[in-house]
Amino acid sequence: MSHTEKVIFEYSRDGRGAHDQWPADTDPAALADLPAGLRRRELPQLPQVSELEAVRHFTRLSQLNFSIDTHFYPLGSCTMKYNPRACNQYAMLPQFLARHPLAPEASGQGFLACLFELQEMLKEVTGMRGVALSPMAGAQGEFAGVAMIRAYHRARGDGERNEIIVPEAAHGTNPATATMCGCVVREIPVDAAGDVDLAALQAVVGPRTAGIMLTNPSTLGVFERRIAEVARIVHEAGGLLYYDGANLNAILGKVRPGDMGFDVIHMNLHKTFSTPHGGGGPGAGAVGVGARLLPFMPIPVVGREEGGYRWLTERDLPQSIGRLSAFMGNAGVLLRAYIYMRLLGRDGMRQVGEFATLNANYLLRRLAAAGFDAAYPQRRASHEFILTLRRQARELNVTAMDFAKRLLDYGFHAPTTYFPLLVPECLLIEPTETESRETLDAFVSALSQILAEAQNEPERVRSAPHTMPVRRLDDVRAARQLDLAWKPSAQQES
Amino acid sequence: MAFIPHTPADVTAMLQAIGAGSIDELFDEIPPELRIGALAGVPEALNEMQVGRLMSERARADGVPLNFIGAGAYEHHIPAAVWGITTRGEFYSAYTPYQAEASQGTLQVIYEFQSMISRLTGMEVANASLYDGASALAEAALMAVRANRKSQAARILLPTTVHPHYRKVARAATGNQGLQFEELPYCTAEGITPAESLRRFDSQDVTALVIQQPNFFGRLEDVDALTRWAQARGTFVIAVVNPTSLALLKPPGQWGGTGVDVAVGEGQPLGVPLAGGGPYFGFMTARAAHVRQMPGRIVGRTLDAAGKPGFTLTLQAREQHIRRAKATSNICTNQGLLVTAATIYLSIMGPEGLRRTAAASHARTAELVAALTTLPGVRRAFPGPHFHEAVLQFDRPVAPVLRTLTVQGIHGGFDLAADYPELDHALLVCATEARTAADIATYRGALAEALKSARAA
């Protein structure tokens, strides 16, 4: 993976192009109605390359990536499991791709049936009363959830409630979402065992509490054991419970957020239900709600009545928090999640949670035996766990980031580094259920070898990676000397 | 079929290594009363052959109607290479390029995308994309409130010629942050936003003015006059543009001479299939001065430890994983895979291919309008220039006519009755380069029949 690839503009030659892809030229007279003052004077400076040049360029770029299909990708909190090819193939059937989002429902009953059944299955696996599929990513699902909580309080004449409680270990999207919903964030600590500090929670709840946002298992990779108590405290104070579905993979088929007392949940379909991550999206952040929030769900939702399926809109849900996307969220991603769930079936759902947990606990135990420190050694791992390399950083002056970068040379994507923020020098490791024991063993072997290197030739680890297309990049330069778009002169720098 | 590779021997050996007697024991920290039994509401598994058959049957039931709907999502030719490469596992199954050294492919694609979209819009900087065009408008409104420090009002003028769904999303996404959207009426004779309608705001604090070009009716707004009004008084301009149209129309970077502040739009026309509404992607471009107020990921080119150029996420201090409650947005993902498709599409089409696509789409729509308005009871709603979409008015309600056409496999357009009740019996129609003269003749023939069978109002 050591090659590099020119920027596509460097292949461009005036007059070249993939001519066969172009429509026939139009008689200029057909454009005469466009006023000169509203016309573009010069063509946009897009690359002019042949189709083969484009194909070769982007194929070569793809080869500069790590991906699930090519590498073990134990990125904690991201659930990088196998994305079955069938999900892509059948979501891309020509009829589904050709469907216009505003096309009549009458000619989309097959498509709508898939979405309706997806809603029903997601209700079942989360224990919620209603599901809306339109949020386009986890963060938008979070937004929908908190917006529904606010709408609920307002509808009851309790609009003063604007505080959202967030544990300090939460994903950054949680506090950012609360802010976007016009809320004030109240952070609370977790105790030494990784559970929410109930005394701190008790102290912070009150008449301004809108709700609490929790991930369970938490971002510390452990199950929040006193969740029933947390729910009681928040509900008694008049607040609602929001479940961040980032870690749903850990409990799929074993426990349901609805049964834990959560009022609203978002699901990352690109994690638990294996739709592709796509180099950073599209995701899909479907939301599930309990009875109290049903009237506030974002539209559109798919409804079923005699005669077939149809979109439910603001006419059906007049108290809805509204529309979050131009059309129907990331519809094609939803089809992929639907296909995945049908392939797994009810027994497969349970196996996901079980084998994700088995793999994480096995990997944790083996790494502990190899000399690494678990952040919460007294706890079971959920589907992921945290190592802290504080000792190595202090004794060897080799950081968690150095280990992460060196792993790339061994052919493994790095775990999540430096998250959650409250565990120093941490690696958050999530193997997922689709990895074999041999892969996990090879990963242990690689980390053990890196540990030996850190003791014997630490500079080799500190200066890693050595075999990637580039060495470590200068982030400070990137932010100070902004180069966000290619200019012909930019290539002179190299 | 959970794609689990473990053999029974693996499970035994792994449990032994853990020191647990069963997989169930690994869940012993979860209170027993919370544990569930079988998920009765999820069906039994299907194998891939069965799923393939189910999905194919459903797809066949929906069919591929002849489409004349635009209204924010457009059917264009997509070269086979676009999705052939986009769905390569190395793009499809990679994640956010946080480990830059192992993600140079994705990062360089985004950098090339930012470069192309900046050039297309004539703007200085672009981000790595947002969810869709509508959410991009909402983010642009929030960005304008942050960046326009001269304005205290958090007040945005939103013409009713902006896509009705975009207006709804903008309100839903920003309502809890105190933004006020004020709708600007359009001229019902012309279908555009008259620059004179801004006069009543001359002495008021207005944070930003939104201008959609072409507007929802396909009409061309007088973007220079509208932009100049805003520029003269320190009001930001947020342009909402169709990327295909920019091969022919003046880019927002040149509106009013010195251009707009932020330009956003729906990226779907650039190589992304209609697919029932998504996934699409929103693009956002801006003046360089506003880059630190932009939401979403941004990729920069820099040097590595050996002095070699490479790509990395940059300006991350704006983002939620660093700034948490003070971030510019809660957005985390972009629409990376769609951006990959669009970058390949723009590379294959090039400037001339995109221009021809825009020109052909415009010409087809003109032919469609000419053909349909030869029928009695069908006329064009608005005179004046438009681009690749137009409003027709019937002498009777549109809905029953559309239903008749649907039965014949024709999606005849978008009925404006719900969103623009003041326009009697209005239908928004679109034809792109994907429609042929024969398609247009088919539509005309079917509409003639449908009008005959529907009773005149």
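Tutor: Let us begin with domains, whose bounds here come from an automatic or database domain assignment. The model is predicted.

Student: Which domains does the assignment give for chain A?

Tutor: Chain A is divided into domain 1 (8-62), domain 2 (86-344) and domain 3 (352-476). Taken over C-alpha atoms, the centres of domain 1 of chain A and domain 2 of chain A are separated by 42 Å.

Student: How many residues does each chain bring to the contact?

Tutor: Residues count as in contact if their C-beta atoms lie within 7 Å. On that basis chain A contributes 174 residues and chain B 166 residues. On the side of chain A that touches chain B, helix α10 (residues 331-369) of chain A gives the most, with 23 residues. That side of chain A comprises 92 nonpolar, 48 polar and 34 charged residues.

Student: In what order do the strands of the open sheet in chain B stand?

Tutor: Strands of a sheet pair through backbone hydrogen bonds, in either a parallel or an antiparallel manner. In chain B, seven strands form an open sheet in the order β2-β8-β7-β6-β5-β3-β4, with mixed pairing. Since β2 (125-126) and β4 (180-184) of chain B are edge strands with a single partner each, one side of each is left without a neighbour in the sheet. Strand β2(B) runs antiparallel to strand β8 (residues 282-286) of chain B, and two bridges join them. B:Val125 has B:Ala286 in β8(B) as its bridge partner.

Student: Which helix lies across β7 of chain B, and at what angle?

Tutor: Helix α6 (residues 133-147) of chain B does, running at about 165° to β7(B). The strands it lies across are β3 (155-159), β5 (208-213), β6 (236-241), β7 (262-266) and β8 of chain B.

Student: Where are cis peptide bonds found?

Tutor: One runs from A:Ile299 to A:Pro300, with omega near -5°, and A:Pro300 lies in the loop between β7 (287-289) and β8 (301-305) of chain A. Another joins B:Gln213 and B:Pro214, with omega about -10°. B:Pro214 belongs to the loop between β5 and α8 (223-232) of chain B.

Student: Is A:Ser274, whose phi is positive, buried or exposed?

Tutor: A residue is buried if 20 or more other C-beta atoms lie within 10 Å of its own. A:Ser274 has 30 C-beta neighbours inside 10 Å and so counts as buried; its phi is near 60°. A:Ser274 is placed in the loop between β6 (264-267) and β7 of chain A.

Conventions. Residues numbered from 1 in each chain as written. Chains lettered and ligands numbered in written order. Predicted model: local features only at pLDDT ≥ 70, side-chain atom pairs only at ≥ 80, totals over all residues. Contact = placed C-beta atoms within 7 Å. Helix = DSSP H or I, 4+ residues; strand = E, 2+ residues; numbered from the N terminus. Nonpolar A, V, L, I, M, F, W, Y, C, P; charged D, E, K, R; others polar. Pairing = 2+ DSSP bridges. Axes fitted to C-alpha atoms, helices over the stretch in contact; angles between N-to-C directions. Buried ≥ 20, exposed ≤ 12 C-beta atoms within 10 Å, placed from the backbone.
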